[in-house]
Amino acid sequence: MAQLTPERTLRRLELQVTRRLDGLLNGEHLGLLPGPGTELAEARLYQPGEDDVRHMDWAVTARTTNPHVRDLIADHELEAWALVDLTPSMDFSTTDLTKRELAVAALAAVGFLTVRLGDRVGAYLLHPHGQRRWPARTGKAALYHLLQAVLDAPPATTPPGRLHRPGPPPPDLTTGITALHRGQTRRGLRVVISDFLPTPGEPLDTPPAWERPLRRLAARHQVLAVEIIDPRELDLPDIGLVEMTDPETGTVHEIVLNRRTRRRYAAAAAAQRDRTRDALRRSGAHHLILRTDRDWIADVARFALRQRRAAGRAIHTPAGHTTGHTASPGGRP
């Protein structure tokens, strides 16, 4: 993907998503008109002859002594917000696709299927030196700008041998999820795209710090956690003496990759993945794993089909046939 021009990259992503994932990731809307389950919006002054008196907000009217009505948000006016991890570890790769590029693909999979239904997509971009909020907008043009911003973000890898200067700690996944929860209270889909690797010095015998804010987020919204993995993060090759650089701190270590070291590394990597999986399950988030050495479109499609089967929804195959049971109306998968 990185070898293509930006415009061709995004158009190729759109074709992949719309051709192979259309109808799999998103569920049906509850309805096109305000009705049961529709959320209340802001209160505003009553306009005689235009507003329905049944929507009168009597509490605000009594407090202000002026008649107010409460707008209703139709169910088709939904918002999807994503938190995209762009910390240094996301620029790592031992395949043709970096973890950051795979994160863009995951964001595109959610975004293109969302904007096709007229919904809005926004994002929080988590950089080592701060966060950037991308407003929720509808339409493919706005989504193109968002995806381009993620692709164009400069790599944040610390130069080898150079440690971070003393100062406030850089924002991490915990602060990013907390900002997403506090900044976007309207119910909808929330997507967290990260490698979920522990921060330097984080104890591994306790639940990760991001579990609690993610649990609060999932209590109000539907949450999809997309874990980005490179195969070399799971096991190491038998190649002898190597120099390894921590992308988060720039620390360089010389390590001999003998059988004992590789076995301990694989065990630690498996334990870290178990820790992440258990934390996501306890928080109530759906868990999608994408690897840089696999067909991410196929992995997303398989995940979507599993979610639909678990929800008892009808599954539409490419040939147009329908399988499974029809479920009662609901929100997103």
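## Basis of the report

The expected span of a helix is 1.5 Å times one less than its number of residues. Helices (H or I, at least four residues) and strands (E, at least two) are DSSP runs, numbered from the N terminus.

The model is predicted: local features need pLDDT of at least 70, side-chain atom pairs count only at pLDDT 80 or more, and totals for chains, interfaces and linings use all residues. Residues are numbered from 1 along each chain as its sequence is written, and side-chain values use heavy atoms, with hydrogens and water left out.

## The chain as a whole

Eight helices and 12 strands occur in the protein chain. Of its 333 residues, 41% count as buried, that is, under 20% relative accessible area, with exposed meaning over 50% and partly exposed in between (1.4 Å probe, protein chains only).

## Helix 4

Helix 4 covers residues 140-152. Its 13 residues should span 18 Å at 1.5 Å a residue, and the end C-alpha atoms are 18 Å apart, which agrees. Among the buried residues of helix 4 are Leu 143, Tyr 144, Gln 148 and Val 150.

## Phe 92

Phe 92 lies in the loop between strand 3 (79-85) and helix 3 (99-115). This residue counts as partly exposed because its relative accessibility is 32%.

Leaving aside neighbours within four places in sequence, Phe 92 is in contact with Thr 98, Lys 99, Asp 230, Arg 232 and Glu 233. The C-alpha atoms of Phe 92 and Pro 155 are separated by 10.0 Å, with the two residues 63 apart along the chain.

Terms used
Contact = heavy atoms within 4.5 Å.
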